[in-house]
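Have a look at the sequence and the fold first.

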Amino acid sequence: RLFAEGAALPRLGWLLQIFGMKLGTAPLNITFLMALVAAFLVWVLIWRTRFGYEIRTIGTNATAAIYAGIIDTLNNARMDTRDRLVHWVNEVSRLGADEPELILLPILVSIEFLGKKDEIELQVTQHYAAVHKGLTTALRHGRAAGVFNGDAPLREAAAALAALADGALLEWLRRKRQLNGAAFVRTLRRFVFAAVAGPSGRRR
C-alpha cells in the first residue's frame, strides 16, 4: 500500500549527499538515526547512571543465582569438609576466569555503596552474609571433625577466607596476562588449607 506524501518519513538522502554519498533508492529514513540515538541513550542509562547500576546489580542478580549452588555446597554436611572448600575455591576461580565482570561486581558495588543504606547495599550485604555463613558452617564442621585446626573465632576466620578470595579475584583481573591460571588456583588453594587445616588433616 502506498502512503500519502504527508505520511512518509523524511529520508536521509540529503544528509548523505553532504558527505558525497548517494542513497539511491534505498529506503533509509530518519528512523535509522532515531534508533542510533535510542541505543546510545540506553547505553548511558545502563552504564553511566545510578539507576542503571541498580538494574545491573539487583535486576539481573545473576551473581546471586550462581553463588547459590556454591554456598549450598559449603553448607552440605554430607560432604567432606575439605571437599567443600576445594569446591568453593575451584568454582570461584572458574567464575573469575570465565565471567570476571559478573563475579567482581559484588566487590566493586560493596565498596562504592558502603554506608549508603539503600537497596543496593542491602543486596550486596545479604550476598556476602550468605558467603560468610557458608564458610563459617564448613569451618565449624571441619573443626568438629578434627580436620581443621585453629583458635581464631569462626566469624573472623570465615571473613579472612572471603577476603582472600576477593583479593585473589582482583589480582587475577589486574595481572591475568602475566599469571598462569592453573598455578594461581593451586597456590590459592594451598593458602586456604594452610590457614585452616590441622596436622591431622589429609594433604590434597
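S93 touches V185 and L188, leaving aside residues up to four places away in sequence; contact here means heavy atoms within 4.5 Å. You'll find S93 in helix α5, where helices are DSSP runs of H or I with at least four residues, numbered from the N terminus. S93 counts as buried because its relative accessibility is 16%, and buried means under 20% relative accessible area (1.4 Å probe, protein chains only). A polar atom of its side chain also sits 2.7 Å from the backbone oxygen of V89.

A quick word on ground rules: this is a predicted model, so local features need pLDDT of at least 70 and side-chain atom pairs 80 or more, while totals for chains, interfaces and linings use all residues. Residues are numbered from 1 along each chain as its sequence is written, and side-chain values use heavy atoms, with hydrogens and water left out.

L188 and V89 turn up again in the lining of the second largest cavity, along with W88, V92, L161, L164, A165 and V192. A cavity is a set of points on a 1 Å grid over the protein atoms alone where a 1.4 Å probe fits but cannot get out, and lining residues have an atom within 4 Å of a point. Its volume, the space filled by probe spheres set on the points, is about 40 Å³. Helices α5 (81-98), α8 (154-175) and α9 (181-196) each supply at least two residues of that lining.

Elsewhere, just after α7, G146 takes a positive phi of about 80°.

Methods: On a 1 Å grid over the protein atoms alone, a cavity is a set of points where a 1.4 Å probe fits but cannot get out, and a pocket is an open set with protein on both sides within 12 Å along at least five of seven lines; lining residues have an atom within 4 Å of a point. Buried means under 20% relative accessible area, exposed over 50%, partly exposed in between (1.4 Å probe, protein chains only). A polar contact is a pair of N or O atoms within 3.5 Å; within protein, one must be able to donate a hydrogen and the other to accept it, and residues adjacent in sequence count only if both atoms are side-chain atoms.
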